Amino acid sequence: MIRFRFGHEDLVRTRFAISPLFDLVWSTDALRDPARRSLHLPWVRAARERLRGFDYTLLDLLGTSSDAGYVPDFISPPPTTPLAEFDDELARVRATPHEQVAREVGWRFEGKPIPDVVRPLLDDPDHGLDELTRVIAGYFERAIAPWWPAIRAALEADIVHRARRLTAGGAIEVFEDLHPQVQWRDGVLEVQRPYDEDVDLRGRGLLLVPAAFAWPQIFALLDEPWQPSLIYTPRGVGALWAPEENADHDALEALLGRRRAEILATLAAPAATTDLAQRLAASAAGVNEHLGVLRRAGLVRAARDGRRVLYERTAMGEALLRGG
């Protein structure tokens with residue numbers, strides 16, 4: 001059992017963040033062992049095709065957790081902002097202190113020989129980190145970037161849901177359905193594990209990071225100097241790779257117009273105007289105008305999330321899209 005021990009200040013400082021690197025690292029598990037990650041099989045088939053001819057052995061050896069080994073934290077450091085940008089995260093990996101790299105690579109291969117492709121991280125850390133970030137960037141471009149807008153929308157939708165629970169019932173409500181292996185008890189968040197570890201948060205709070213490829217597991221970051229973090233599966237992740245709805249899309253376009261039909265179909269998870277514009281390669285002003293029409297027709301609704309406004313389909317919009 002891992003026990004995260006909370007003080008009052010820790011509850012106040014518990015927060016959410018989204019990290020493309022977290023999803024990237026855990027996605028290697030799905031590629032290596034798709035039988036245990038069956039939810040992601042549609043992605044696995046497509047990603048393997050896109051990765052054909054690209055050597056990501058270095059990332060696979062460091063990042064895959066299906067061998068029940070330790071995964072170095074420096075290859076996906078806990079994000080320092082609520083919505084981390086991939087390039088900024090990559091720069092943090094490249095800037096990892098050499099002694100931290102050596103320590104975590106040692107933990108990863110404890111009692112085992114260091115693979116040749118990993119050795120530069122120890123023998124020539126600057127070159128090794130440059131190569132690692134090159135591999136990560138290439139992997140992201142091929143295997144994550146095409147799906148990242150939809151993945152990010154699902155992660156944001158989960159955070160919006162939990163933020164509402166936080167407002168309605170306090171911080172404890174956030175942990176209630178986080179994962180079957182997580183339980184809140186008397187000021188302690190317990191995470192089932194085959195070993196014991198006590199983590200006094202000491203006013204640092206806990207970082208909660210939803211990651212689509214964490215399914216079906218939950219992961220924890222405990223070691224200094226990293227922010228204590230819990231990586232969990234977001235709600236609705238099963239819909240990410242679901243087949244398209246049964247509605248007649250030609251008829252839907254004839255009814256709503258092509259762009260409005262596209263917007264309605266893209267709102268599988270809540271999204272902001274700028275997100276929709278990026279996914280549809282359209283102007284934000286044009287998308288905003290179409291959203292206004294869909295909203296007045298009762299097919300979408302808007303909810304404020306901090307400074308952002310997120311749009312989501314209403315029950316009427318769902319029924320129209322699914323042809324029901």
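A search of the whole structure finds nine aromatic pairs. Rings of Phe, Tyr and Trp (its six-membered ring) pair if their centres lie within 6.5 Å; planes under 30 degrees apart count as stacked, over 60 as edge-to-face and the rest as tilted. Phe86 and Phe140 form a stacked pair, 3.9 Å centre to centre with 10° between the planes. Phe86 belongs to helix α5 (residues 86-94) and Phe140 to helix α8 (residues 125-144), so the pair ties together parts that are 54 residues apart in sequence. Helices here are DSSP runs of H or I with at least four residues, strands are runs of E with at least two, and both are numbered from the N terminus.

This is a predicted model: local features need pLDDT of at least 70, side-chain atom pairs count only at pLDDT 80 or more, and totals for chains, interfaces and linings use all residues. Residues are numbered from 1 along each chain as its sequence is written, and side-chain values use heavy atoms, with hydrogens and water left out.

Phe86 is buried, with a relative accessible area of 11%. Phe140 is buried too, with a relative accessible area of 11%. Buried means under 20% relative accessible area, exposed over 50%, and partly exposed in between (1.4 Å probe, protein chains only). Elsewhere, ring pairs link Phe6, Phe175 and Trp184 into a cluster.

Strand β3 (residues 182-185) runs antiparallel to β4, joined by four bridges. Two strands pair if DSSP finds at least two bridges between them. β3 and β4 form a hairpin with two residues between them, and Asp186 in the turn has a positive phi of about 50°. Strand β1 (residues 2-5) also pairs with β4, antiparallel and over four bridges. There Arg3 stands opposite Glu190. Both faces of β4 (residues 188-191) are covered: Val188 and Glu190 are buried on one side, Leu189 and Val191 on the other.

Next, helix α2. Twelve of its 13 residues are buried, among them Phe22, Trp26 and Asp29.

Last, Ser229 in strand β8 (residues 229-232). At 0% relative accessibility, Ser229 counts as buried. Its side chain reaches the backbone oxygen of Gln227 at 2.8 Å. Ser229 touches (heavy atoms within 4.5 Å) residues including Phe4, Pro78 and Leu206, not counting those up to four places away in sequence.

Notes
A polar contact is a pair of N or O atoms within 3.5 Å; within protein, one must be able to donate a hydrogen and the other to accept it, and residues adjacent in sequence count only if both atoms are side-chain atoms.
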